[in-house]
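Visitor: Hi! Could you walk me through this one, starting with what sits inside?
Guide: Happy to. Here it is.

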Amino acid sequence: MDCLFCKIAKGEIPAKLLYQDDKVVAFADINPQAPTHLLIVPRQHISTINELDQANSALAGHMVHVATQLAKEVNIDEKGYRLVMNCNSEGGQAVYHIHCHLLGGRQMNWPPG
Ligand code: 5GP
Ligand code: ZN
């Protein structure tokens, strides 16, 4: 399958990896929207978060756990940060392999643009 994030997870395309385990990888976004902009990506190919269900709820929970641990590691946990998962075109999803954005290091605004 021709999927960018599957290739990054397999090490076939380079990325600035900050964390990996048997379930997820986390790496720096190539086009950062904040001083900290990391992507937490499952090794399993799931196209959109619409495909998440009870069978992979532990994986989704693990993605959030890894994101919050990384926020602590890069010292943005106290000031705050944002986790974002975009879904399909109106949600702004560009890469159809689910991922969680960890954004921080500047003031986040609501609602986003
Ligand atoms: P989406 O819009 O699908 O929620 O987010 C996809 C993200 O992947 C974007 O923030 C984009 O900058 C990032 N991205 C796209 N291609 C690459 C790449 O080749 N390497 C890395 N590290 N990030 C990428
Ligand atoms: Zn994939």
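Visitor: Which residues touch the most other members of the largest nonpolar core?
Guide: In this predicted model, they are V24, I40, M63, V66, L70 and L102, out of 15 residues in that core. A nonpolar core here is a set of buried Ala, Val, Leu, Ile, Met, Phe, Trp, Tyr and Cys residues joined through side-chain atoms within 4.5 Å. Buried means under 20% relative accessible area, with a 1.4 Å probe and protein chains only.

Visitor: And which element gives the most to this core?
Guide: That's α2, with six residues. The elements giving two or more residues are β2 (24–28), β3 (36–42), α2 (57–73) and β5 (100–104). Helices (H or I, at least four residues) and strands (E, at least two) are DSSP runs, numbered from the N terminus.

Visitor: What is V24 in contact with?
Guide: Leaving aside neighbours within four places in sequence, V24 is in contact (heavy atoms within 4.5 Å) with Y19, V41, P42, R43, L59, H62, M63 and V66.

Visitor: New topic: in what order do the elements run?
Guide: From the N terminus, the order is α-β-β-β-α-β-β, which comes to two helices and five strands.

Visitor: How much of the chain is buried?
Guide: Buried residues are 35% of the 113.

Key:
Residues are numbered from 1 along each chain as its sequence is written. Chains are lettered from A and ligands numbered from 1 in the order in which they are written. This is a predicted model: local features need pLDDT of at least 70, side-chain atom pairs count only at pLDDT 80 or more; totals for chains, interfaces and linings use all residues. Side-chain values use heavy atoms; hydrogens and water are left out. Buried means under 20% relative accessible area, exposed over 50%, partly exposed in between (1.4 Å probe, protein chains only).
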